[in-house]
Amino acid sequence: MTLALLILLPFLAAIGLAFVPKENEGTPRVIALLTTFFGLLLGVKLFWQFDAAQTGYQFVTTIPGLGAEALGIHCRLGVDGLNVGLLLMGAIVAFAATCVARDIGERAKEFYLLLLTMTGGILGAFASLDLFYFYFFHELALIPTFIMIGVWGRGEDKNYATFKITMYLSLGALIALFGLIALYLQMPAGQRTFDIPAMTQYFAGQRMAAQAQQLIFPALMFGFGILVSLWPFHTWAPLGYGAAPTATAMLHAGVLKKFGLYGLIRVAVPLMPDGAKQWLGVLALLCLGNILYCGLVAMRQKDLNLLIGNSSVAHMGFVFLGIASLNLIGVTGAVVIMVAHGLLAAVSFALSGYIYQQARTLEISRMGGLLQQVPFVGMALTMAMLAGCGLPGFANFVGESMVFFGAWKTFPVVTALACWGALVIGAVYMLRAVRNILHGPLVDDWKDLRDLSNLWRRLPFAVLLFTLLLFGFFPRLLTDKIRASAEVIVNMANGGMPGNRAANQAGHSNTTGLAGEPSQDQRSLSLHPGPIAVELWTFSGVLNRNPNLTLTQKALGSETLGFGAGELHRLDSMAVPPGGEGAKGASHESVSRTVAFTPFQRSTAESAHKQPKGCGPHSFRFKDRGHGSQAADVSHEPIPSPYPPQQPDSTADNTDYADKNSSPSAKSAKSVVKELVQGFNGRDAAENPLPEGEGQSEGERGSEQSGRASPLEDRSFGE
Amino acid sequence: MSFSLSILEIAVIAAGLAILLADLWTPASQKRSLGYAAAAAVGLIFLGSLIMDAGAPQYAFNKMFVMDGLALFFKRFFLFAAFVVLLMSVEFADRIETGIAEFYALILFALSGMMFAASSNDFILVFVSLELITVTFYVLTSFQRSRLQSLEAGVKYLILGALASAFLVYGIALIFGVANTTNFGDLMATPRVTTAKPVFLLGLLLVLAGLGFKIAAFPFQIWAPDVYQGSPAPATAFLAIGSKAAGFILLLRVLFSAVPQITVDWTKLLMIISAVTILYGNLCAIPQRNLKRLLGYSSIAHAGYLLLGVAAVNSAGSSAILYYLGAYLFTLLAAFAVICVVMRGVEGDDISAVAGLHERSPLLAASLSLAMVSLAGIPPLAGFFGKFLLLKAVVESGANQPGYYVLIAVAIAGVIISLYYYLGVVRAIYWSKGTAGSARLEVSLPMRACLYACIAAMFYLGLFPDRLVNVALEAVKVLKL
């Protein structure tokens with residue numbers, strides 16, 4: 001009911017708006033505000049009540065009447081870990097967008113009608129459990145976007161921009177539609193349905209023909225990719241957002257654009273593991289185009305909106321990379337970035353929209369010293385920019401670092417370049433914009449700019465930034481909810497990976513690793529601390545020039561990494577190396593060394609059970625007693641749906657790392673990195689059933705406590 | 001027995017004759033309202049058709065005439081189209097100098113031709129019904145005798161239509177010469193040896209050419225833009241909806257009841273025709289400034305989309321055609337109804353005439369925009385679901401023959417191109433600077449009701465497609481697929 005209300009309410013309000021007489025000028029805004037605020041409350045309720053311990057879909061509702069029985073189309077809605085955060089983010093952004101839409105002067109009724117339609121479409125797309133409605137709701141937002149940019153857009157290029165955005169998005173959507181229909185037709189005639197859980201179950205039991213996967217996966221990848229502005233199909237995005245009215249840009253860049261990513265994670269990757277294996281390498285390369293090329297393009301922008309637009313395109317690259325990594329950390333990180341970036345893009349466009357409304361220009365070179373004139377807006381813009389370059393403390397950092405961790409083994413070169421793109425390029429354009437716009441002497445033209453003085457008008461910015469910080473400081477609020485669902489996806493996707501050759505031979509496409517003998521093709525994921533070191537170095541360098549922020553940065557940095565490390569570890573803690581490999585791996589303690597750990601997909605049911613419970617004093621868990629314990633069990637759940645409830649097991653008894661180091665926030669960044677590194681080793685060792693593991697981790701523990709790093713040679717698990 | 005099966009056609013013809021007779025005694029000032037009488041009669045027949053239940057196919061007139069689910073589906077379709085077109089004609093009556101009652105009566109006669117076409121089970125009836133449609137349209141297209149453009153449209157339609165009829169009748173003659181029958185059932189029973197003869201195939205090709213002219217498929221599409229542009233708006237609407245649908249029902253009957261085995265061999269040809277038609281219609285529509293001409297090109301493109309369903313050669317494709325035509329009916333009726341009202345006193349039907357329409361009449365603006373969006377195939381409107389079904393049917397066939405994927409690529413390209421000109425109209429409505437003044441446009445009550453009904457139907461078919469999908473799937477069961 002909650003979910004159905006969340007989706008249908010905007011539509012009903014839009015229909016109601018159509019009948020408001022033209023004379024009541026204020027009414028449409030009030031209706032829209034009330035609707036989206038109520039939607040926000042529903043979103044929060046949904047997020048709050050979502051039970052992370054339960055796999056499978058919750059709040060499942062069917063809207064009767066809609067759809068076509070004969071074709072297996074039903075309007076079913078539901079949430080799981082992947083979309084619960086997105087729905088919350090969508091509801092928040094919709095409310096914020098309605099709040100800042102007060103700059104719409106004329107024809108407000110039509111504007112709010114379209115805005116509400118768009119909101120309903122966006123939320124519906126993410127909540128749909130039916131592929132047809134998944135597509136249907138997304139397309140519903142197309143025409144409102146077109147008209148909103150055309151009528152209320154700005155700039156001389158708005159006609160060009162609105163046609164370009166509409167035609168590009170339709171192209172992507174139609175290619176994806178072709179893929180979705182082809183996917184549907186892969187099922188035998190009697191059983192055909194667009195129901196995602198049913199499809200997932202079917203393809204989990206019945207592997208799709210490899211030839212079909214080769215055809216359908218690229219269709220979905222490029223179709224969805226165009227919708228997400230995958231390089232080189234990204235040119236619509238900065239242009240369209242630059243021309244769009246503020247609220248539209250917020251909703252589109254923030255929420256709607258995540259649709260394609262969500263589709264990749266929800267549909268393409270789990271249902272077509274063979275196709276994914278073939279094509280995700282391409283995706284990883286193309287995502288570099290997003291990160292590096294669009295980052296460099298963003299550096300050259302003279303207009304704040306175009307800069308934000310390009311940086312938003314660049315950020316999509318990280319999500320692609322996370323998806324391409326095909327492991328739990330990467331995919332979870334990708335979902336975290338989707339949520340975080342939605343909030344970030346919304347707040348960025350809201351701020352640039354406010355500045356435009358005041359100054360009638362966004363040309364960066366004409367700005368200067370605005371912080372003196374508009375302190376609140378300036379502060380918010382600084383925070384948004386810093387969040388955009390991945391400052392710890394904001395949710396973006398959590399997601400990006402998880403993606404880098406996840407992607408390292410599969411695509412080390414790409415990850416290294418992506419880190420560079422994220423940290424150096426991103427920091428350059430973001431911080432340069434902050435300096436040019438906010439710092440320096442106040443330019444005379446802007447002496448009469450007015451700040452957001454009113455508490456009510458500050459609300460949307462405050463809500464967006466607060467959520468960003470909340471998930472940045474307490475990422476487990478998100479990751480705990482995402483994990484179980486992401487795990488199912490990743491397990492299905494890895495059913496066809498070479499690491500599970502035994503699984504393929506046995507014909508169990510989706511079992512996550514088998515009671516297999518440890519073999520050379522174990523896909524161990526070695527993790528370099530390099531990315532983090534670069535990241536921290538960059539931030540310290542950047543922020544040292546901003547003395548005011550250094551303290552914060554230190555605090556945030558260690559705090560977040562602490563959480564992040566715990567999270568990473570915990571997420572991966574179900575990964576039990578089958579056999580004795582883990583033992584050898586546990587003997588290295590240097591920061592500069594490659595840390596090896598076995599990804600979760602290699603965990604086996606047997607070893608999970610064999611694992612001595614509570615044996616690992618070094619299992620490096622953070623406040624983990626409640627949820628983390630399901631991990632080992634999840635890995636041997638073969639079929640994602642219907643998901644049986646998880647049984648908690650006793651791994652929660654593992655010695656809590658946090659108990660021994662009770663104040664992670666006090667640690668310096670460097671030691672945090674080291675802990676993180678050791679955490680992986682320690683966990684490997686701890687969960688390794690073989691006795692050497694104990695010994696090794698003892699040694700490691702000793703060295704960790706000595707607090708000194710000694711260089712050791714590179715080593716990787718599977719070798 | 002024979003006559004009771006064709007009761008609907010007989011009723012329509014009777015109504016047409018009654019209108020002609022009533023014209024004799026009706027004073028000139030009242031003649032316009034004869035249209036309401038005609039519309040009421042058609043509406044009653046339509047309601048009557050809703051009670052009918054086709055059941056198993058029944059034959060009449062020596063198996064020339066068949067009454068089955070497919071026929072009934074199309075009869076209802078034509079009746080509803082004619083009902084709205086008649087109301088539009090009343091709206092349009094002030095732009096027709098003389099003979100408005102004949103205009104109404106001709107619409108009714110054309111309607112009866114279409115209804116006979118829906119029931120054709122013999123090449124003779126195909127020819128007769130097509131001639132009945134075409135000849136009445138020769139008159140309807142050139143009804144505004146003082147307008148040069150209307151006359152031009154009539155002449156072009158006459159010459160090319162006569163040519164197409166010649167193709168058709170020549171083709172039928174060849175088929176009869178080889179197979180010694182013109183009945184679809186007998187043709188299907190004819191041994192393969194006979195139907196594989198080149199002369200028979202040539203005859204079939206000529207028949208297809210004649211039908212291709214009716215649906216405005218490449219390479220017989222040349223007439224469409226000129227005729228659409230020049231004809232009076234109600235005639236254009238009826239031509240675009242009724243005549244095209246009649247062409248498609250005949251195509252379905254010929255290809256899938258008479259010669260299904262040859263159709264399978266000819267899929268490549270159908271695919272090529274479909275692809276070229278889609279591209280031609282969409283590409284030529286881009287530079288158009290005249291709204292009716294633009295719809296003319298777009299109707300060529302839609303013929304191409306509908307041919308996708310024929311080329312798919314499966315029951316999903318044929319039922320998709322039915323659904324698509326249903327969606328197309330309401331969409332085009334809405335569009336032409338708006339054109340009828342807006343273009344009063346506007347020379348050239350230029351798109352700029354709808355600029356700023358949202359201020360002059362929000363209802364007309366919304367109707368035309370929704371019609372354009374539905375034609376473009378965007379949810380939640382009817383056109384989207386129609387395109388979805390067609391795409392699904394083609395993908396289904398693609399599993400056996402990869403050539404279909406090329407066809408899909410062409411269709412997708414066509415849809416993207418079409419967005420440009422359809423949304424160009426939406427742009428004109430909502431944010432172009434208007435030249436047509438800002439006087440509010442009044443919409444008469446029947447037109448208003450029609451528009452609301454069309455909008456409701458577009459949404460209904462887009463949101464709740466289940467019913468029509470089932471009807472369409474049921475109807476195409478009589479085809480040999």
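1. The radius of gyration used here is taken over C-alpha atoms, and the globule rule is 2.2 Å times the number of residues to the power 0.38. For the 481 residues of chain B, that rule puts a compact globule near 23 Å. Chain B has 21 Å, which agrees. Bear in mind that this is a predicted model.

2. Next, the overall dimensions and make-up of chain B. Its C-alpha atoms fill a box of roughly 70 × 55 × 40 Å along the principal axes. The chain holds 22 helices and 2 strands. Of its 481 residues, 62% count as buried. Take the contacts in chain B with a separation of 6 or more: 79% of them link residues 24 or more positions apart.

3. Among contacts in chain A with a separation of 6 or more, 84% come from residues 24 or more positions apart.

4. Now the place where the chains touch. Chain A brings 28 residues to the contact, and chain B brings 27 residues. On the chain A side, α5 (131-140), α6 (142-152) and α7 (158-185) each supply at least two residues. Which helix gives the most to that side? It is α7(A), with 12 residues. By type, the side of chain A that touches chain B divides into 21 nonpolar, 5 polar and 2 charged residues.

5. One helix pair in chain B deserves a look. Two packed helices are described by the angle between their axes and the distance between the axes. Helix α11 (residues 223-230) of chain B and helix α15 (residues 291-311) of chain B have axes that come within 8 Å. These axes cross at roughly 145°. The crossing of α11(B) past α15(B) is right-handed.

6. The residues at that crossing can be picked out by name. From α11(B) come B:Ala224, B:Pro225, B:Tyr228 and B:Gln229. They meet residues of α15(B), including B:Lys292, B:Leu295, B:Tyr297 and B:Ile300. In this contact of α11(B) with α15(B), 6 residues are nonpolar, 3 polar and 2 charged.

7. Helix α14 (residues 267-285) of chain B has 19 residues. From its first C-alpha to its last it reaches 27 Å, close to the 27 Å expected at 1.5 Å a residue. Buried residues in α14(B) include B:Leu270, B:Met271, B:Ile273, B:Ile278 and B:Cys284. B:Ser274, B:Thr277 and B:Asn282 are also among the buried residues of α14(B). What covers the buried residues of α14(B) includes α15 and α20 (403-431) of chain B.

8. In chain A, the bond from A:Trp231 to A:Pro232 is cis, with omega near 0°. A:Pro232 sits in the loop between α9 (210-227) and α10 (236-243) of chain A. In chain B, a cis bond joins B:Pro379 and B:Pro380, and omega is about 5°. B:Pro380 belongs to the loop between α18 (362-376) and α19 (382-398) of chain B.

9. A:Phe59 has a phi near 55°, a positive value in a residue other than glycine. It lies in strand β1 (residues 58-63) of chain A. Is A:Phe59 buried or exposed? A residue counts as buried if 20 or more other C-beta atoms lie within 10 Å of its own. A:Phe59 has 20 other C-beta atoms within 10 Å, so it is buried.

10. B:Ala216 also has a positive phi, of about 60°, although it is not a glycine. This residue is found in the loop between α10 (198-215) and α11 of chain B. B:Ala216 is buried because 29 other C-beta atoms lie within 10 Å.

11. The last point concerns B:Gly210, in helix α10 of chain B. It counts as buried because it has 27 C-beta neighbours inside 10 Å. Where in the sequence are its contacts, beyond neighbours within four places? B:Gly210 is in contact with B:Ala164, B:Ser165, B:Phe167, B:Leu168 and B:Gly171. B:Ala166 is 44 residues away from B:Gly210 along the chain, and their C-alpha atoms are separated by 7.9 Å.

Notes
Residues are numbered from 1 along each chain as its sequence is written. Chains are lettered from A and ligands numbered from 1 in the order in which they are written. This is a predicted model: local features need pLDDT of at least 70, side-chain atom pairs count only at pLDDT 80 or more; totals for chains, interfaces and linings use all residues. Two residues are in contact if their C-beta atoms, placed from the backbone, lie within 7 Å. Helices (H or I, at least four residues) and strands (E, at least two) are DSSP runs, numbered from the N terminus. Ala, Val, Leu, Ile, Met, Phe, Trp, Tyr, Cys and Pro count as nonpolar, Asp, Glu, Lys and Arg as charged, and the others, Gly among them, as polar. Axes are lines fitted to C-alpha atoms, for helices over the stretch in contact, and angles run from 0 to 180 degrees between N-to-C directions. A crossing is left-handed if the near helix is turned anticlockwise from the far one by less than a right angle, and right-handed if clockwise. A residue is buried if 20 or more other C-beta atoms lie within 10 Å of its own, exposed if 12 or fewer, and partly exposed in between; C-beta atoms are placed from the backbone. The expected span of a helix is 1.5 Å times one less than its number of residues.
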